[in-house]
Amino acid sequence: MQVIVHLIQLHPGTDPDTFETWVRTIDYAACPELPSVRAFSVQRATGTTGEPARYFEIIQVTSHEEFEADMRTATFEALVTDFSSMASVVQELAGVRLEPGYSAS
């Protein structure tokens, strides 16, 4: 499983509530249409007082190649168009999880 983390910064003038509503209603809803995406979540970063709102997203995909194929779909391109009008990815990290990891049941 490939894991991708994006650090996101809103563009000046973008209302955080508007961005968060878009994430909840559009971004999350599109995930089932992207077969490579196994898990996806956006987090509001804490400790950014006085700075533009920052977020980070964690994307778990089946493989980098399969995610790249999903990135060429109309669904993904529409997400990019919407996202780019509100925010930018300012840093990306990608890697492979050291299995098995931990999750409380």
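1. The accessible surface of the protein chain is about 6,700 Å², and carbon and sulfur atoms hold 55% of that area. Please keep in mind that this is a predicted model. As for burial, 31% of the 105 residues in the protein chain are buried.

2. On charge, the protein chain carries 6 positive and 15 negative charges.

3. Turning to overall dimensions, a box of roughly 40 × 35 × 25 Å along the principal axes is filled by the C-alpha atoms of the protein chain.

4. The secondary structure consists of three helices and four strands. Along the sequence these follow the order β-α-β-β-α-α-β. Among contacts in the protein chain with a separation of 6 or more, 72% are between residues 24 or more positions apart.

5. Which residues have the most contacts inside the largest nonpolar core? They are Phe19, Trp22, Val37, Ile59 and Phe67, in a core of 21 residues. Two or more residues of this core come from each of strand S1 (2-10), helix H1 (16-30), strand S2 (37-44), strand S3 (54-61) and helix H3 (74-86).

6. Phe19 deserves a look of its own. Leaving out residues up to four places away in sequence, Phe19 touches Ile8, Leu10, Thr14, Val42, Tyr55, Phe83, Met86 and Ala87.

Note on methods:
Residues numbered from 1 in each chain as written. Predicted model: local features only at pLDDT ≥ 70, side-chain atom pairs only at ≥ 80, totals over all residues. Heavy atoms only, no water. Buried < 20%, exposed > 50% of the residue type's maximum accessible area, 1.4 Å probe, protein only. Contact = heavy atoms within 4.5 Å. Areas by Shrake-Rupley, 256 points an atom, 1.4 Å probe, with all protein chains shown as cover. Lys, Arg positive; Asp, Glu negative; His and termini not counted. Charge placed at Lys NZ, Arg CZ, Asp CG, Glu CD. Core = buried A, V, L, I, M, F, W, Y, C linked by side-chain atoms within 4.5 Å.
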